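Hi there,

Here is the structure I promised to pass on to you. Have a look at it first, and then read my notes below.

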There are 2 protein chains.
Amino acid sequence: MKKTQLYLPMGFRFGGVSAGIKQSGKPDVALVVADHPCTAAGMFTTNKIVGPAVVIDREHVKNGRAQAVLINSGNANTCTGRKGERNALVVCRDIARRFDIRPDDVLLCSTGIIGHQLPMRKLSAGIADVAGKLRASAAGAMRFSKAILTTDLRPKTANAKVKLPGGSVSLFGCAKGSGMIAPNMATMLAFILTDANISAAVLRRVFREVVGQTFNKVSVDSHMSTSDTALILASGRAGNAPLQRGGKAMKSFRAALTDMCDSLARQIAADGEGATCLVTVQVKGAATPEDARRAVCAIVDSPLIRCAFHGSDPNWGRIVSAVGYCGARLKPEKLTCRIAGVKVFTGGRPVNFDPRRLSQRMKQPAWTVEVELNVGRCDDFRYTCDLSGEYVSINADYHT
Amino acid sequence: MKKTQLYLPMGFRFGGVSAGIKQSGKPDVALVVADHPCTAAGMFTTNKIVGPAVVIDREHVKNGRAQAVLINSGNANTCTGRKGERNALVVCRDIARRFDIRPDDVLLCSTGIIGHQLPMRKLSAGIADVAGKLRASAAGAMRFSKAILTTDLRPKTANAKVKLPGGSVSLFGCAKGSGMIAPNMATMLAFILTDANISAAVLRRVFREVVGQTFNKVSVDSHMSTSDTALILASGRAGNAPLQRGGKAMKSFRAALTDMCDSLARQIAADGEGATCLVTVQVKGAATPEDARRAVCAIVDSPLIRCAFHGSDPNWGRIVSAVGYCGARLKPEKLTCRIAGVKVFTGGRPVNFDPRRLSQRMKQPAWTVEVELNVGRCDDFRYTCDLSGEYVSINADYHT
């Protein structure tokens, strides 16, 4: 992101520092603090095993208000018992005291290794450090975006400005992904900051809808994490007339928010562990929404198919057979499959195509698999990536 | 298998030859013919996309009778339209004519690449060749076992002899697996031959039960094939009193059949594509059978967990988090997890263990993951293997 392109929402200061939680010495403590309490909403993992940060955030965001978000990477503080819970509360109180805000206006996210206690001395020192370095600047936002990462290769950010009656609204978002990413929940971690004037109830509703169509459509490895959290804070500083459901202004705001979250979702899939390409899998014409979901999940959950993606192999047989076993209503003779825009299967039979040319297309950084069931009107899609030997290396060598 | 150990069931002749269907020149046509019509039963894939061989076998085995099974490897004859159907029928008629048996007593299995027409000249020549080389010998049975393989590294055979009133019964079985192997159906291909005297109805029932507890418990890569078939033929030549449901003789027969199929199932998982170890995943104490199934499938379907298996990494966090998202009823504080016999997680917290020693245990060729939910009495298990870079190579480089 070029500095000149960044529309920083008013009312937030950002920071990110290295506190030594990660052995690599990379940034691992991120903090964003709003000048005043914001309206806020959150979406969380549906995993039944969660860390104390998820429990705390669910509770703290209930009243639709928040003022600060502290993220530590390198340690998920999950499966750490009572001590882990106490440590999480200590962090919230620390932030509250430093900025003179209410403890329940502090949100907390921890991501990284499971089952280890937070290194509280390092973390406290990191909080003291980052608290003194908060900036309402693009550089501050970038430092924040980098300090939330784990095995991600690239920071993931998105930005938008929307003209609304009464004032222009800016949005800034960032996310981390990489591994343990599966659909049907909020993604690993995503943070959206905006200066829009919007009530908590309206914000919660629009955020849930947008997350469902963006972050919940990502699957790197079908494995749902214990820390998935997506948060949005709105400072109201833009001075726009309060956003209401159904209005024209809301349409513009929702479109901008959707574009941003969609961009972050695609960035997460493209930077999946070991990934070399972003593949959008679309299923069309299913009999029911559940059938569409089943078909698209059978495709993105198949390691066999994702290996073919990695080999730039237009292996329609694997795709068609996955649709065959997913349980969706199906007439094989009505099935059509396209890979990277090329029709490879239709009417129950493969189509003659030039496999070398198609394989070249599959070497692009982003392309699409489309499956038309042609038995109804329901569609679904997922963002995924290829399964590489690099994924195996990363995850076979990672130490508990 | 040593020759001296083989109890060959009476009444069958076996063969396997190279017909050039596989580019590698490895054996690719297998045939077993019984001297007289046998009682027979079959279990098939639940995939909605199937090859004509599966359609034909379902039809031919309905009457509980069969006399010959022809298998070609290297070509699945799936998604090949009318021409593929006609070719499959031509093969059945060819076998029937050569051995003067009824066409509907011929069973057919095709395994290999999807979407290519069978090379009928090569296949017909292969059938002529193998028909002249059938032997009622261990060598013949081994040639048969080898000619059904695709990417398998090793032939998979099992053998048993059971003393029953009126005569000893022998069983011989072989299977192929390797890729596109997922639970809840018959496995890729498995053939059991026995000289037991047993009615078709009784055979069908016991075979369905045994397959459900053995082959259906294997998952190499969560991807269900279009050709999965398990067949059993009983020649009745052993002279035992007809096997009846519920009797003591049936108990012995069922135990021997279960042991054999269980052995073949474990061989399939151990020889999964790229596999270096066989992992038995057991879930105990679930609230319902469906909960047990969900938990065990969430574990074996996670590439993240199977990468940890490959790295001999006792990564209980991944296992526990998969159980957390599977949807099963769960009390985190009641959860216990053991890896290779070592307790690593209990009461919601990790246990202190020596990761190096445990990692050494995980380098053994076979070990177990046990998860106790402790909220009910339902158990389930799966045989699976590690996910290696070799799996990715095999499946990224395989050409459509």
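Across chain A the mean pLDDT is 88, and 93% of the residues of chain A reach 70 or more.

One stretch calls for care: over residues 183-187 of chain A, pLDDT stays under 50. The model has 29 contacts beyond four places in sequence for that stretch. Where pLDDT is low, the predicted coordinates should not be read in detail. For the model as a whole, the scores are ipTM 0.74 and pTM 0.78.

Now on to chain B. Chain B has an open sheet of 6 strands with mixed pairing, in the order S12-S11-S10-S13-S9-S14. Strand S12 (349-350) and strand S14 (378-385) of chain B are its edge strands, each pairing on one side only. Within the sheet, strands S10 (residues 336-339) and S13 (residues 366-372) of chain B run antiparallel and are joined by 4 bridges. For example, B:Arg338 has B:Glu370 in S13(B) as its bridge partner.

Two helices to look for are these. Helix H6 (residues 248-270) of chain B packs on the sheet and touches S9, S13 and S14 of chain B; its direction makes about 50° with that of S14(B). Helix H9 (residues 316-325) of chain B also packs on the sheet, touching S10, S11, S12 and S13 of chain B, and the direction of H9 makes about 135° with that of S10(B).

Happy exploring!

Terms used:
Residues numbered from 1 in each chain as written. Chains lettered and ligands numbered in written order. Predicted model: local features only at pLDDT ≥ 70, side-chain atom pairs only at ≥ 80, totals over all residues. Pairing = 2+ DSSP bridges. Contact = placed C-beta atoms within 7 Å. Axes fitted to C-alpha atoms, helices over the stretch in contact; angles between N-to-C directions. pLDDT = per-residue confidence, 0-100.
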